[in-house]
Amino acid sequence: MLAIVMCGGKGSRLNFVEKPMIEVRGKKLIDFALREVKIVGLEAIFVTSKFTKKTESYLKNLGCEVVRGTGEGYMEDLFFVIEDYSIFEPILVLNSDLYYFKEGFVSDVISEYFKITSPALSVRYENGRPVGINVFDPFFDEQEEEIFITSEKVVLNVDTFRDLKVLGWTSTLRGEGEW
């Protein structure tokens with residue numbers, strides 16, 4: 001299994017800042033994704049875009065494998081990497097803007113994936129909203145997926161200033177839209 005970490009969003013709901021570079025509790029959000037990938041022991045490809053140049057530079061300086069996607073959208077960039085790398089095995093896809101209250105949560109997700117009979121697993125909150133963690137096999141076209149339910153007390157998808165406030169975030173912005 002390979003991990004693909006999606007890091008190329010525009011950050012439009014947060015004044016167009018690079019969400020992976022937002023610091024929460026002394027670490028960048030991307031650092032939490034790096035930690036989760038390391039815990040499960042997977043090789044990872046980090047997908048950036050023209051909107052996340054600082055994230056791209058940060059990851060390259062850490063020695064990570066980084067691919068710049070098209071920047072046309074989440075699914076377009078994901079399938080660009082799957083095709084470019086000719087991936088035909090199950091993959092773990094993580095958003096880079098997740099805060100993990102439970103260290104090792106991704107390990108729980110992978111364990112669940114190997115228990116199910118469907119080729120896809122989607123992690124969602126109780127209200128059905130996607131978390132930003134999925135496991136699926138790109139060999140199959142359309143896939144029935146099973147749902148793994150979690151809560152925002154386990155992993156938080158940081159999409160809004162309200163989410164940041166939940167984490168006790170104080171601004172690391174120097175000016176509007178700047179880091």
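On a 1 Å grid over the protein atoms alone, a pocket is an open set of points where a 1.4 Å probe fits, with protein on both sides within 12 Å along at least five of seven lines, and its lining residues have an atom within 4 Å of a point. Grid points are joined across faces, edges and corners, and a volume is the space filled by probe spheres set on the points. The model is predicted, so that local features need pLDDT of at least 70 and side-chain atom pairs count only at pLDDT 80 or more, whereas totals for chains, interfaces and linings use all residues. Residues are numbered from 1 along each chain as its sequence is written, and side-chain values use heavy atoms, with hydrogens and water left out.

The second largest pocket has a volume of about 360 Å³. Of its 17 lining residues, Met-75, Leu-78, Phe-79, Phe-136 and Gln-143 are the closest to the centre. Secondary-structure elements are DSSP runs numbered from the N terminus (helices, H or I, at least four residues; strands, E, at least two). Helix H3 (74-84), strand S8 (120-125) and strand S9 (130-136) each supply at least two residues of this lining, and H3 gives the most, with five residues. By class, the lining comprises twelve nonpolar, two polar and three charged residues; here Ala, Val, Leu, Ile, Met, Phe, Trp, Tyr, Cys and Pro count as nonpolar, Asp, Glu, Lys and Arg as charged, and the others, Gly among them, as polar.

Asp-137 lies in the loop between S9 and strand S10 (145-150). With a relative accessible area of 11%, Asp-137 is buried (buried means under 20% relative accessible area, exposed over 50%, partly exposed in between, for a 1.4 Å probe and protein chains only). Asp-137 and Glu-89 are 48 residues apart in sequence, yet 5.5 Å apart in space, C-alpha to C-alpha. Beyond neighbours within four places in sequence, the contacts (heavy atoms within 4.5 Å) of Asp-137 are Phe-88, Glu-89, Pro-90, Tyr-113, Pro-119 and Gln-143.

A nonpolar core is a set of buried Ala, Val, Leu, Ile, Met, Phe, Trp, Tyr and Cys residues joined through side-chain atoms within 4.5 Å. The largest such core has 43 residues, of which Phe-46, Leu-92, Tyr-100, Phe-105 and Ile-133 touch the most other members. Helix H1 (residues 29-40) gives the most to this core, with six residues. Another core, of 14 residues, lies apart from it and includes Ile-4, Val-47, Ala-120 and Phe-136. Excluding neighbours within four places in sequence, Phe-105 is in contact with Glu-36, Tyr-100, Val-123, Ile-133, Phe-148, Thr-150, Val-154 and Val-155.

Leu-42, in the loop between H1 and strand S4 (43-48), counts as buried at 18% relative accessibility. Its C-alpha is 5.9 Å from that of Leu-2, 40 residues away in sequence.

Rings of Phe, Tyr and Trp (its six-membered ring) pair if their centres lie within 6.5 Å; planes under 30 degrees apart count as stacked, over 60 as edge-to-face and the rest as tilted. By this rule there are five aromatic pairs. The rings of Phe-32 and Tyr-99 have centres 4.8 Å apart and planes at 65 degrees, so this pair is edge-to-face. Phe-32 in helix H1 and Tyr-99 in strand S7 (residues 98-100) are 67 residues apart, and the pair thus links distant parts of the chain. An edge-to-face pair is also formed by Tyr-99 and Phe-101, with 4.9 Å centre to centre and 75 degrees between the planes. Phe-32, Tyr-99 and Phe-101 form one aromatic cluster.
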